Amino acid sequence: MQYLLALYMDESGWGRMTPEQQQQGAAAYTAYTQALKSAGVLINSNRLQPSPTATTLRTTNGKTQVLDGPFAESKEQLAGYYLIEAPDLDAAMQWAGRCPAVQHGIVEVRAIWAM
Amino acid sequence: MVNPPNDDRAYAAAEAVALRSRGKLIAFLAAQFGDVVAAEDALSEAFVSALAVWPQKGCPDNPEGWLLTAARRKLIDHLRKNRETSNDDEPEQLADAMIDATNDEFPNRRLALLFACAHPAIDPAIHAPLMLQVVLGLEAAQIASAFLVSPTAMAQRLVRAKTKIREAGIPFRIPERNELPDRLESVLDSIYASFAEGWADATGTDPARRELAGEAIFLARLLTQLLPDEPEAWGLLALMLYAEARRPARRTAEGEFVPLREQDKTRWDWAMIEEAEAALNHASRSRRIGRYQLEAAIQSAHVEGARTGSASWSAIVSLYDALAQLTGSPVALINRAIALADLQGPSDGLAALDAIGTDPRLESYQPYWAARADLLGRAGSLAAARHAYQLAIGLESDPAVREYLRRSCNDLPETR
């Protein structure tokens with residue numbers, strides 16, 4: 001099965017870190033991504049631009065409205081994702097548990113709808 | 001025309017297999033296909049087929065095998081229909097794999113199903129109901145009445161959980177050694193929750209609840225057979241057997257509540273108590289203590305007290321100490337205070353109750369007020385005792401216990 005690990009975090013945290021801490025943080029993600037690759041688990045992964053750059057579209061009364069900003073205003077925002085291949089939820093949860101985001105944010109595990 | 005006596009026999013045979021084997025057949029099919037809902041549907045259809053075919057051709061020698069094969073075919077048809085690009089080979093391979101399954105594999109599949117139902121990714125509140133339905137085959141309406149939830153709401157929550165098992169890919173397997181303790185804990189907790197629901201019906205007049213206690217003991221026995229090295233599984237079995245053994249003495253013939261210390265010990269089921277003692281001994285051999293072993297050990301100390309006529313309150317107090325330390329539960333602290341009162345007198349017990357602190361949950365917790373009322377009465381603080389009894393009575397839902405508290409309050413000496 002394929003699972004999406006959606007990473008949510010407080011975006012202001014990054015700016016409050018010292019350059020050294022930022023470097024360490026980035027290194028943790030690089031190592032995690034490398035581990036997923038070596039295990040042959042990783043399908044795709046990306047970090048997203050901060051949520052203020054988001055644009056939200058929806059149709060109200062037949063008219064498409066465009067809004068500047070993310071869909072939901074909340075402290076934790078979607079910051080990136082990993083798409084992985086895992087035999088079952090336990091295996092996916094094990095990978096999610098190793099993700100650095102668990103230490104400073106939230107990781108949501110969602111199975112991909114199999115077509 | 002179908003021969004009626006033969007028809008009856010086939011019906012009775014199908015019904016007997018349904019009662020005896022439904023749980024394990026579901027476990028087998030669900031584990032194989034990763035889908036509880038589809039397994040239940042396929043097995044229901046197989047039962048319908050059995051009722052159509054068995055009267056004509058006679059009951060098969062191996063009715064379980066017949067039902068399993070029929071259900072398997074229906075599941076494979078179902079999978080074919082749901083697959084856009086049907087792969088003809090794969091279902092046949094699955095079928096072959098299933099024919100190889102021997103009877104020895106059934107209990108393990110059932111255990112794997114238990115672990116799927118109590119998976120951390122499923123809302124803990126639905127673990128016990130899900131287990132009762134999927135593993136034991138109880139009806140949603142029956143479970144709903146035991147857990148005091150509307151049948152519609154219960155049915156919806158069960159369907160939602162089963163859908164999540166399928167769509168989220170929750171595995172049907174026994175966890176690895178390193179993750180077993182955590183995962184086993186939630187299985188044990190849901191078995192105990194089922195037992196507690198059954199135990200709440202003291203007189204055993206509500207068949208749905210009565211059955212829950214028995215089914216919980218059955219599952220705990222199965223766990224100890226399959227995981228004989230897990231002391232907490234033995235501890236839970238012992239705890240439930242101790243409690244169940246006292247069921248006949250918990251109420252008088254008139255349905256009045258009888259507290260533990262006043263129970264007629266000759267009405268306890270001593271054979272069951274012996275089995276409990278043996279289970280607890282088995283658990284203690286591994287030297288890994290846990291919540292259920294401690295609770296069972298407390299029961300054991302009470303039984304020993306009943307046997308010898310004098311309970312070892314100091315042992316009971318230290319067992320509650322250990323339990324409170326392990327679980328951080330205020331309930332353990334309340335019981336510790338009651339035992340301490342028996343060891344050192346009611347004022348020490350009251351001091352211990354006061355020391356539990358101001359956990360707001362205690363304000364609406366009946367056993368806290370009942371304990372306070374009893375200890376205040378014994379210490380001679382009669383007005384305060386009456387007030388505590390009133391609160392305890394107001395918080396109790398069981399009429400027999402309510403009546404017992406009312407009598408205890410009335411029995412307090414007159415204040416001048």
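How many residues of domain 1 of chain B are in contact with domain 2 of chain B? The answer is 13, and they touch 15 residues of domain 2 of chain B. Contact here means that the C-beta atoms of two residues, placed from the backbone, lie within 7 Å.

This is a predicted model, in which local features need pLDDT of at least 70, side-chain atom pairs count only at pLDDT 80 or more, and totals for chains, interfaces and linings use all residues. Residues are numbered from 1 along each chain as its sequence is written, while chains are lettered from A and ligands numbered from 1 in the order in which they are written.

## Chain B: domains

Chain B is divided into domain 1 (4–101) and domain 2 (104–244 + 269–284). Such bounds come from an automatic or database domain assignment. On the side of domain 1 of chain B that touches domain 2 of chain B, two elements give two or more residues: α1 (4–33) and α2 (36–57) of chain B. The most come from α1(B), with 8 residues. By class, this side of domain 1 of chain B has 8 nonpolar, 2 polar and 3 charged residues.

Helices (H or I, at least four residues) and strands (E, at least two) are DSSP runs, numbered from the N terminus. A residue is buried if 20 or more other C-beta atoms lie within 10 Å of its own, exposed if 12 or fewer, and partly exposed in between, with C-beta atoms placed from the backbone.

In chain A, 74% of the contacts between residues at least 6 apart in sequence join residues at least 24 apart. In chain B, residues 24 or more positions apart account for 59% of the contacts with a separation of 6 or more.

The chains also touch each other. That contact takes 5 residues from chain A and 6 residues from chain B. On the chain A side, the residues divide into 3 nonpolar, no polar and 2 charged.

## Chain B: helix α13

What does α13(B) look like in length? At 1.5 Å a residue, its 18 residues should span 26 Å, and its end C-alpha atoms are 26 Å apart, which agrees. The expected span is 1.5 Å times one less than the number of residues. Buried residues in α13(B) include B:R291, B:Y292, B:L294, B:I298 and B:V303. The cover over the buried residues of α13(B) includes α9 (180–199), α11 (231–245), α12 and α14 (313–327) of chain B. Just after α13(B), B:G309 takes a positive phi of about 85°.

## Chain A: strands

From the N terminus on, the elements of chain A run β-α-α-β-β-β-β-α-α-β. The C-alpha trace of chain A spans about 50 × 45 × 15 Å along its principal axes.

Strands pair if DSSP finds at least two bridges between them. Strand β1 (residues 2–10) of chain A runs antiparallel to β5 (residues 76–85) of chain A, joined by 9 bridges. One pair there is A:A6 with A:Y81. A further 7 bridges join β1(A) to β6 (residues 105–111) of chain A, also antiparallel. In β6(A), A:A111 is the bridge partner of A:Y3.

A:L7 sits in strand β1 of chain A. This residue is buried, because 25 other C-beta atoms lie within 10 Å. Its C-alpha atom is separated by 5.3 Å from that of A:G80, 73 residues apart along the chain. Beyond its neighbours within four places in sequence, A:L7 is in contact with residues including A:A79, A:Y81, A:C99 and A:V107.

Most residues other than glycine have a negative phi. A:N61 has a positive phi of about 50° although it is not a glycine. A:N61 belongs to the loop between β3 (55–60) and β4 (63–68) of chain A. A:N61 is exposed, since 5 other C-beta atoms lie within 10 Å.

B:R287, not a glycine either, has a positive phi of about 55°. B:R287 lies in the loop between α12 (270–284) and α13 (291–308) of chain B. With 7 C-beta neighbours inside 10 Å, B:R287 is exposed.

Note on methods: Ala, Val, Leu, Ile, Met, Phe, Trp, Tyr, Cys and Pro count as nonpolar, Asp, Glu, Lys and Arg as charged, and the others, Gly among them, as polar.
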